[in-house]
Amino acid sequence: MLFGYSFSDLGSILVMQGFSGLSLFSVLLLMALGLAIIFGQMGVINMAHGEFMTIGAYTIYVVSKITEKYFPEFMAYYFVVAILAAFVIAFIVGYFVEFLLIRHLYKRPLDTLLATWGLSLIMQQIFRSVFGGREVSPTLPDWLMGAWAPTPNIDIPINGLFVMVITLIVTGAVILALYKSRWGLKVRATTQNRMMAGAVGINTQKVDRMTFAVGCGVAGIAGAAFTTIASTGPTSGSTYIVDTFLVVVFGGTASLLGTVASAFSISQAQSILTFFMTNAMGKVVTLLAIIVILMLRPEGLFASKVRK
Amino acid sequence: MTNNDFVLAIEDLTVSFDGFKAVDSLNLYIDKNELRVVIGPNGAGKTTVLDLICGKTKATGGSIKFKGKELTKMAEHQIVRAGVGRKFQTPSIYENLSVFENLEISFPRGRTVFGALMFKRTVDVDMRIHEVADMIYLSDLLEKEAGLLSHGQKQWLEIGMLLIQDPELLMLDEPVAGMSVREREQTADLLNRICRDRSVIVIEHDMEFVKRIAHKVTVLHQGKILSQGTMDQVQSDERVIEVYLGH
Amino acid sequence: MINKTETKVWRSVRAAVRGLTLSSVLIASAVYAGPPTAQVDTTGLAVTDDTVTVGILHSLTGTMAISETGAQEAEKLAIEQINAQGGVLGRKIKFIQEDGASDWPTFAEKAKKLLEENHVAAIFGCWTSASRKAVLPVLERDNGLLYYPTFYEGLEESKNVIYTGQEATQQVFAGLDWVAKNKKAKTYYLIGSDYIWPRTVMKLAREYITRVLHGQVVGEEYAALGSTQFGSTINKIRLKHPDVIYAAVVGGSNVAWFKQLKAAGITGKKQTLLTLSVTEDEAHGIGGENLKGFYSAMKYFQSLDTPENKAFVAAFKKRWGEDAPIGDVTQAAYEGPWLWKKAVEMAGSFDTDKVVMAEQSGKISFDAPEGMVYLEPNHHLKTRLRIGEWRDDGQADIVYTSPYIMPNPFPKGY
Amino acid sequence: MNIFYDRWLGGRQGAIGLLLLALLIFIVLPTFLDIYRLNNVGKYLTYAFAAVSLVMLWGHAGILSLGQGIFFGVGGYCMAMFLKLEASDPASTARQTTPGIPDFMDWNQITQLPFFWEPFHSLTFTIIAIFVIPAVFAYVIGAAMFKRRVGGVYFAIITQAIAAILTILVVGQQGYTGGINGITDLKTLHGWNINTNSAKYILYYINGALLIGVILLCRYILSSKLGRLLLAMRDKEDRVRFSGYDVSNFKIFVFSLAAIISALGGAMFTLQVGFMSPTFVGIVPSIEMVILAAVGGRMSLIGAVYGALLVNYGKSAFSESFPALWLFLMGGLFIGVVMFFPNGLAGLYQTYAKPTVDQFLEKFARKSAVVQSTSLNEKKEVVE
């Protein structure tokens, strides 16, 4: 016995606590990926990122309702399709947003902050007008909402596992796309030196539009994944925005690996702290720690030292 | 001969960016009232050396002594106040202020917050500004918005912004880049005049220009000194030729 | 009923008499059922010979719009029904709606506008304690009247507010009694969102559990408003093996909380959970399948099987659509206009002071969807408490109905 | 002419702009608006403080702070704490378990006043605190950030995070802060009832006067070498640094100044609205404050005031006429300003109104001046 708890208890808690840390990690990472592309690579401060997540969430809702109504026999599988749909829709919206709004503002990064804030207000109101003020809840397939119990007193949330898998796939895909594909090369070229990239015949406009759209698409996937663990309402996306930015900034805007690392450290810190102190204080302490570290390393965790 | 006899004594200076040594245990000594030109192929570490001296980049190792004062530990503004002025490669001036205001801001008074708040445009300030403006051939453009000056004039203005602080060591990174032949000559005269009562380090590619001004030339290559001496000595040094032609 | 008609008659007679002297009033009183305006409104309210204006003040935008939608729908429905029955003192009710935008200062500003610019006779609105607290000084300054529908922490009794929702003691004690008796509960884990209502509720619960039920509180925790991560909290709960999880989590957090419970294998089958913050509205957002088997303590559930409620539900769905859920607060909001009507008619005037006098008379009651409710002199309702067990269709089976509970906003010894 | 005219008023153009603003605030609005509307305008003008502070900080020094709400809140809370203590005398709180302490403390089982509340019994201390606390707080943040060269987007996001932390703390520590409800039900200032109409008029005028005062002060600072240095730093930070200035000190100064100005607004807000709540410390209001400055024109002090008035008036007007749609209009406004009028109202004035105004002034001057040859005047107008 230890603090009056049996060791099997403590053991299983340890496992589950570790797991909840990991699932928080995958949540943060998934949120941050899209922004890491848009903000990290393009330097666009997209305050409407949360709303793009919400798009994903509502997509799941709509698809689930449709499936329920017309092909109930597919209820168990619709989620996979829905996630792709979430990506596509968010992607398309992002594409047009870039075309109508963002592309005029590349020279004024701080102004993108204001404009996209306005955009987020508009998007929230659109959600409200279309889906109503109330929260909605997509009917999720049962296999997704259950828990996997390897031992009697360990329960591993399946949706947690699910989110992890998605995160793994998306992260892998993004990293490959950015560092291995031709497109990625163009993106990095453009973001590092717009003029040169243009000079060597890269269609920077096209690249920008794609990059932004992909970032939004990823946000859509994140939103879709969150319907399994959190709420879906007109404003639910906006609650993530600060955390998301912190993850990206903390990781050092330049590198995706940095984003991964920061998401990991933040999530672990938060989940451990919230276990030992109250939920609210845990969050406060984590944020404080991030700020202090950012002051010591203004360029973020993974910024490389170069002649400026 | 002790380091304090030199205006600037750089010893064993090293800086590395993620392993790559941009400057590698460099030793460099500048005399009083000397005009030293530093040349070398791209990536030789010329600009980095200036960055290290003026504190823009922090050294990984080694020492930089200015009149016996260790610079590597000091903050940029302290180094400037100690008497080291630095002009950047691309002219760095306040485009939307007038020439006069550009010089005024650089005038070494009211450098604290409240000093700046209380700063008054007194007669001596005015005289000093006109005096410097004459030196840099801009006396009749004082009210002009700096952004509207020609590239060469901008270079001069920046030099003037340093001169008004009357530094003992002046560092100029490619001062004649983008200048017409006429302007180059004027600049050469300017440099020869100003190095009478201060030491000057110039980074330059244009060999003709270097010939006109250099007392002594240092050739940098891969962060090390390749050769040093008068222009003729350096030019006849086959290692130098090899490096330049090798490119 | 009879003496009311008598008074009506008597009033119109008096009106007629006075009318003789003022022909204009004669016409008025002849044309309108109600007594003349000069008589029913001496404080310059927005009352004409055939209309009276009230205000509706809820959040239509921002995070709180999620919860407040139902309330303002119910208030509009009640007003329409009252008008269909001929209105109040022979005057049709017109309403002006303002958006509190989930922002407390905005609530105050709008309340002020309704009272000082529109001179509304009463305001139906507010949801969060914060919005009510913001509006309160305005009401007291301009002597306005607010009907507040939400179950709340109590500790308040303003002359200018009628609380149609339950105050904390009404919602807490009976529920704990039930869970202690029927679930043989000894150990409790308390969790709420971090603001005044959950903290007050939990304070009462803690005292009651230890002092009255001789149970044990094995854990107490508050989640930051809007936080969506409950992994660690849930693990803490597992470690304690409480008989009952007693929850008052609100807003978006609420949804995350229940989804993550379900996912962690903590379901109604394995664990008793009693919540104070889940009505049919929240259930709609959380998803019935995630609530199945958990319990809510409310004074009203949509599934309540009485003719009055069936009629109300039918009317509500007819007006606001089939899939619109009806929660406790929605029903309480519906009571507002009706209680006001009764008080105004008893007072025979729209003047706030007279209406308040009537409200405090202790004689006002209303046959609401939830059953008879009695307005006590302390501005709160005497009601029952019900325990509902959630089904996966987002509706609850009522498993317990308490006897009537007196409202006690300032409980001694807590 | 003399220092005051040139530097405080900012020359003829500036003086006239200021005069018009003063006319609007002190005469036009009070005559045409009932007290309810005027009180709202007063509220908007407290946001104008924050907007003005951002013009200094963001427009001129190029430092974007998404945390001005922090300081607005600090100022507001200081004032609120004083008023709350006055409002919770033993008599009026007799019903509580512990009479004589603010009601929310009683609800959270706090039995005696926390030490840091004690000094707020004194109005003098409170007023000093309204200036000092934000200044110190800003100094600490500023020193920590600017000495380490944290700037641009990083600074913006860190300030945002700090705002988030403060909100969580204020909401979480409700025993000491009133939590999400904020500090409500404030009644009197030294026995003077701040909820009466006369009081509201007086407060409105005090507020207006303070705002004008702040603008004058900022004008003075901007017209000094310090003002030019701020611009210089914004555009060529390194050059300034290598001209021998300790750039971080200047940033810390302007950041602290901005903090004080915002706090002043917060305090006036509490006085006029009668309560303070954590919704002001948060991220949303902080961003909206930036928007106010942007709409007004981020370089123009007076523009900021008009921006604050316009946006907030629009907000309440929209939300009264179409409650469900005002977000569309607000969002549209933000985007529109950034996309089409990056210099905001001030920019519009510069491009469209100013020429005519100048001409008018020219004529005006000419009338009073000695006779001149018409041809010369024609030239003048062409030049203008």
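pLDDT is the predictor's confidence in each residue, from 0 to 100. In this predicted model, local features need pLDDT of at least 70 and side-chain atom pairs count only at pLDDT 80 or more, while totals for chains, interfaces and linings use all residues. Residues are numbered from 1 along each chain as its sequence is written, and chains are lettered from A and ligands numbered from 1 in the order in which they are written.

**Confidence**
- Chain D has an average pLDDT of 87, and 92% of its residues score at least 70.
- Residues 370–384 of chain D stay under 50 in pLDDT, and the model has ten contacts for them beyond four places in sequence; two residues are in contact if their C-beta atoms, placed from the backbone, lie within 7 Å.
- Where pLDDT is low, the predicted coordinates should not be read in detail.
- For the complex, the predictor gives an ipTM of 0.86 and a pTM of 0.88.

**Contact between chains C and A**
- Chain C gives 36 residues to the contact and chain A gives 38 residues.
- On the side of chain C that touches chain A, the elements giving two or more residues include α4 (65–84) and β7 (216–223); helices (H or I, at least four residues) and strands (E, at least two) are DSSP runs, numbered from the N terminus.

**Positive phi**
- Most residues other than glycine have a negative phi.
- B:Glu174, not a glycine, has a positive phi of about 50 degrees and sits in the loop between β7 (169–173) and α7 (181–194) of chain B.
- C:His379, also not a glycine, has a positive phi of about 70 degrees.
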